[in-house]
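Here are some notes for a colleague who has not seen this structure before. Please read them with the model open.

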Amino acid sequence: MTTLQLILAIVCIVLALTLTIIILLQKNREADASAVQGTNPMNDNQFFDKTGGHAKDSALANATKILGVLFVVAALATTLVLLFVK
């Protein structure tokens with residue numbers, strides 16, 4: 001395994017872990033639907049708090065998109081290096 005392959009493998013692992021963590025930090029949209037229906041008493045105030053957390057949610061959504069693209073690019077680069085660099 002060359003140095004470039006090792007670096008790309010580490011980058012892929014770090015991106016995958018970071019992407020997983022960011023996805024897990026995102027708000028569950030099913031909880032919002034149950035709060036609107038009134039089925040979850042723990043989320044009664046979420047119906048009236050329409051602006052709470054939107055900035056965080058959009059930042060996490062943008063980070064997810066960016067990290068997803070970076071992960072795909074890193075995975076393709078790793079594959080191309082494995083195929084063509086000897």
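1. The model is predicted. On its surface, Met 1, Leu 6, Ile 10 and Val 14 form a nonpolar patch, and together these residues have about 430 Å² of accessible area.

2. Ile 10, one of the patch residues, is placed in helix H1, which covers residues 3-25.

3. The largest nonpolar core has 7 residues: Cys 12, Leu 15, Leu 19, Ile 22, Leu 60, Leu 67 and Ala 74. The elements giving two or more residues to this core are H1 and helix H3 (54-84). H1 gives the most, with 4 residues. In soluble globular proteins, nonpolar side chains tend to be buried together.

4. Cys 12 belongs to that core. With its neighbours within four places in sequence left aside, Cys 12 is in contact with Phe 71, Ala 74, Ala 75 and Thr 78. Of these, Ala 74 is also listed in the core.

5. As for the chain as a whole, the protein chain has 3 helices and 0 strands, in the pattern α-α-α along the sequence. Among contacts between residues at least 6 apart in sequence, 82% join residues at least 24 apart.

6. Of the 86 residues in the protein chain, 19% are buried. The chain exposes about 6500 Å², and carbon and sulfur atoms supply 72% of that area.

Definitions and conventions. Residues are numbered from 1 along each chain as its sequence is written. This is a predicted model: local features need pLDDT of at least 70, side-chain atom pairs count only at pLDDT 80 or more; totals for chains, interfaces and linings use all residues. Side-chain values use heavy atoms; hydrogens and water are left out. Buried means under 20% relative accessible area, exposed over 50%, partly exposed in between (1.4 Å probe, protein chains only). Contact means heavy atoms within 4.5 Å. Accessible areas come from the Shrake-Rupley method with a 1.4 Å probe; for residues, only the protein chains shown count as cover. Patches are made of residues with over 30% relative accessible area and no salt bridge: like charges are joined within 9 Å, nonpolar side chains (Val, Leu, Ile, Met, Phe, Trp, Tyr) within 5 Å. A salt bridge is a side-chain nitrogen of Lys or Arg within 4 Å of a carboxyl oxygen of Asp or Glu. A nonpolar core is a set of buried Ala, Val, Leu, Ile, Met, Phe, Trp, Tyr and Cys residues joined through side-chain atoms within 4.5 Å.
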